Amino acid sequence: MKIYHGGLEIVNVPEIRKPNRTLDYGSGFYTTTSFDQAKDWVIRRIKENKVKTGYVNIYELDQNQTENLNCLIFDKPTDEWVDFVMKNRTQKDFNHNYDIVYGPVANDRVYAAFALFEGGVLNKQELIAELKTYKLVDQYLFHTVDSLKAISFVDYKEISL
């Protein structure tokens with residue numbers, strides 16, 4: 001299966017990185033099955049950093065390599081998904097023991113709904129109902145060095161503005 005990682009550099013050897021901000025699933029290497037999602041991320045990073053070029057890195061995910069790994073899969077927004085994302089985003093020292101986490105991306109529109117939940121405007125069931133009306137793209141987090149063995153670099157596409 002092809003997966004994509006968008007950024008300002010070509011990443012032919014993925015690595016686990018500690019983020020400088022809180023992310024949906026914690027630290028690690030993030031990818032998506034959506035080329036368009038990765039491209040949108042590159043364009044956003046290009047604009048933020050006032051550079052001209054970025055890259056969508058393309059990988060092959062060998063799902064046979066994930067069979068013995070500790071994987072957490074969210075097929076859609078659920079109570080458990082909301083709880084997991086909230087722990088990662090709000091508990092400073094939260095760290096889970098999953099090798100790979102897969103599920104929906106909490107993009108800007110989703111963040112706004114989460115903010116309403118955090119502020120008590122929406123309860124968890126209302127948040128989930130709201131999120132189910134969105135077209136959510138997915139993301140894979142490779143959280144451990146062992147998990148990175150399941151992906152191999154294939155190619156990249158240069159993105160310029």
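Predicted model: local features only at pLDDT ≥ 70, side-chain atom pairs only at ≥ 80, totals over all residues.
Helices and strands here are DSSP runs, numbered from the N terminus. The largest pocket has a volume of about 1,200 Å³, and α1 gives the largest share of its lining, seven residues.

**Largest pocket**

- The lining of the largest pocket is made up of 38 residues, of which His5, Gly6, Arg21, Tyr30 and Trp41 are the closest to the centre.
- Two or more lining residues come from each of β1 (2–7), β2 (29–31), α1 (35–49), α3 (108–118) and β6 (138–142).
- By class, 13 residues of this lining are nonpolar, 12 are polar and 13 are charged.

**Second largest pocket**

- The second largest pocket holds about 270 Å³ of space.
- Its lining consists of 15 residues, and those closest to the centre are Lys18, Pro19, Ser27, Lys92 and Phe94.
- Eight residues of the lining of the second largest pocket are polar, four are charged and three are nonpolar.

**Asparagine 64**

- Asparagine 64 sits in the loop that runs between β3 (53–61) and β4 (71–73).
- Asparagine 64 counts as exposed because its relative accessibility is 58%, and the cut-off for exposed is over 50%.
- Between asparagine 64 and alanine 150 the C-alpha to C-alpha distance is 7.9 Å, although the two are 86 residues apart in sequence.

How values were computed
Residues numbered from 1 in each chain as written. Heavy atoms only, no water. 1 Å grid on protein atoms, 1.4 Å probe; cavity = no way out; pocket = protein on both sides within 12 Å on 5 of 7 lines; lining within 4 Å. Points joined across faces, edges and corners; volume = space filled by probe spheres on them. Helix = DSSP H or I, 4+ residues; strand = E, 2+ residues; numbered from the N terminus. Nonpolar A, V, L, I, M, F, W, Y, C, P; charged D, E, K, R; others polar. Buried < 20%, exposed > 50% of the residue type's maximum accessible area, 1.4 Å probe, protein only.
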